[in-house]
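Subject: Structure handover

Hi,

Here's the structure I said I'd pass on.

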Amino acid sequence: MTTTTPDTSTDVRSAALFARAQTVTPGGVNSPVRAFLSVGGTPRFIASAKGPYLYDVDGNELVDLICSWGPMLLGHAHPEVIGAVADAASHGTSYGAPTVAEVELAAEIIDRTPVEQVRLVNSGTEATMSVLRLARGVTGRDKIIKFAGCYHGHVDALLAAAGSGVATLAAGDGSSFTGHVATPGSPGVTAATTADTIVLDYNDRAGVRQAFATYGDQIACLVTEAAAGNMGVVPPGEEDGVGFNTFLAEICAQYGALFVSDEVMTGFRLTRSGQYGLDGVQPDLMTFGKVMGGGFPAAAFGGRADLMQHLAPVGGVYQAGTLSGNPVAATAGLTTLRLATPEVYAHVDRASVRLQSEVRAALDAAGVPHVVQHAGNLFSVFFVPEGVTSVPDYATAQTQSTAAYRAFFHSMLDSGVYLPPSAFEGWFLSAAHDDAALDRVVSALPAAAAAAAAGAEL
Ligand SMILES: Cc1ncc(COP(=O)(O)O)c(C=O)c1O
């Protein structure tokens, strides 16, 4: 049923479905980046997935380097996860009342991270939205700081200079920030909503110091991706032996603002805890999602108990959800986390190191200027101009050639490798990416590098 070298004649069913989808759903997709707008061509409609592979409706087998944008750390359709989910579903799918699974999931998250209490929600967006309300409720302050190119979900106040799909669609979202005041990154986000959002450049310590010096006593929290992964992968930098996250935690403490680390993408993926496992920086509040939902809509936020105790029903900051802590989703997440052993992380790390070096070698051989960056096992490739040796921030990420990426992407797809359909996203691996899957990626690279070389000149 499978072929390993799809070409344009093998997306007939996907194309028909996409045409139909566009009549019933804006753009034919339920999340913009899936539409392939920045790379062109037909989005593949997926029929099933197993281990490291996706199977599309035309019968193509594709090595999956998205892993559902992060969640599938164990690979697709892991038998123990599927078994636990089927068992949980057989007992009913939602009760709107407390269950054992959600207590166990909260305890597992607390065991792996520095948070003392968590609240379960349904999406990363909901987690960051709720954490902002909590931070503002606790501090009695209004302003928040975020970084350009960081994406925290489609929360109004955070849709300013956002990464991920927002960056993908416009290669810049039309928002700007001058003198720290953010303008909205989407029609429908009011100027009032982002008026309290201060947008700074990632890894720019002078900018952070200046913002705190100007607005220090008004800042409720600073929210950052624990390692930026939504403008491509941009790790927190070191200066004089002090990591960017350490610097941020310290300056927040100095001004009485809360330090919020968004580990929705990195949490339970880079290490058993996430970026926290790499730099050990203790945030006041954290957000989680993706891996901890095991492929189901589940996310969480958490932090110091004294802060979390401000949430209803104990405290006055209101937050709620009909499906929050859903028993099937909580079971999927709990089972996934319990199976995410040190061996899983060691395997994903090894696979990531191998692919990074193979990508570099192929692009070097083809003479394509590029930078490969990683945060733990999460990595991405920037087709930046000759002479650019690192990408510390969104402005530099935007110098990359999206034409080169487009050519690279389609060549890989034609060879049966499913990369993110955007130059502004990380590449995700899983414990199921065995030598056979990785070999297929590696053997596709020379042609894709040659395509990128040609594409960059267009
Ligand atoms: C760092 C980060 N925060 C928040 C979100 C939003 O999560 P969701 O898409 O589940 O709303 C994402 C999504 O990619 C993310 O990468």
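Predicted model: local features only at pLDDT ≥ 70, side-chain atom pairs only at ≥ 80, totals over all residues.

Let's start with α14 and α15. Helix α14 covers residues 402–414 and helix α15 covers residues 435–456; their axes are 7 Å apart and the packing angle is about 145°. The crossing of this pair is right-handed. On the α14 side, the residues in contact are Ala-403, Ala-404, Ala-407, Phe-408, Ser-411 and Met-412, and on the α15 side they include Val-441, Ala-444, Leu-445, Ala-448 and Ala-452. Sorting the residues of the α14 contact with α15 by type gives 14 nonpolar, 2 polar and no charged.

The other helix pair I looked at is α3 (residues 100–112) with α11 (residues 327–339). Here the angle is about 35° and the axes are 9 Å apart. α3 crosses α11 in a left-handed sense. From α3 the contact takes in Ala-101, Glu-102, Glu-104, Leu-105, Glu-108, Ile-109 and Arg-112, which meet Pro-327, Ala-330, Thr-331, Gly-333, Leu-334, Leu-337 and Arg-338 of α11.

In soluble globular proteins, nonpolar side chains tend to be buried together. In this model the largest nonpolar core has 115 residues, and the members that touch the most others are Ile-109, Val-208, Met-292 and Phe-408. Helix α15 is the top contributor to this core, giving 9 residues. There is also a second, separate core of 21 residues, with Val-131, Leu-285, Phe-301 and Val-317 among its members.

Which residues does Phe-408 touch, not counting those up to four places away in sequence? The list is Leu-363, Phe-383, Leu-419, Trp-427, Leu-445, Ala-448, Ala-449 and Ala-452. Phe-408 is also one of the α14 residues that meet α15.

Asn-60 sits in the loop between β2 (53–56) and β3 (61–64). Is Asn-60 buried or exposed? Its relative accessibility is 1%, so Asn-60 counts as buried. The Asn-60 side chain reaches the backbone oxygen of Thr-10 at 2.9 Å. There is also a polar contact between the side chains of Asn-60 and Asp-56, again listed at 2.9 Å.

Gly-302 belongs to strand β14 (residues 299–303). With a relative accessible area of 0%, Gly-302 is buried. What is 186 residues away along the chain, yet has its C-alpha 7.1 Å from that of Gly-302? That would be Glu-116. Setting aside neighbours within four places in sequence, Gly-302 is in contact with Val-115, Gln-117, Val-118, Asp-284, Leu-285, Met-286 and Met-308. Of these, Leu-285 is included in the second core.

Finally, Phe-18 is in helix α1 (residues 12–24). At 12% relative accessibility, Phe-18 falls under the 20% cut-off, so it counts as buried. Its C-alpha is 6.0 Å from that of Gly-28, 10 residues along the chain. With neighbours within four places left out, Phe-18 is in contact with Gly-27, Gly-28, Val-29, Ala-35, Pro-43 and Phe-45.

Cheers

Note on methods: Residues numbered from 1 in each chain as written. Heavy atoms only, no water. Axes fitted to C-alpha atoms, helices over the stretch in contact; angles between N-to-C directions. Helix = DSSP H or I, 4+ residues; strand = E, 2+ residues; numbered from the N terminus. Left-handed = near helix turned anticlockwise from the far one by under 90°. Contact = heavy atoms within 4.5 Å. Nonpolar A, V, L, I, M, F, W, Y, C, P; charged D, E, K, R; others polar. Core = buried A, V, L, I, M, F, W, Y, C linked by side-chain atoms within 4.5 Å. Buried < 20%, exposed > 50% of the residue type's maximum accessible area, 1.4 Å probe, protein only. Polar contact = N/O pair within 3.5 Å; in protein donor to acceptor, adjacent residues only side chain to side chain.
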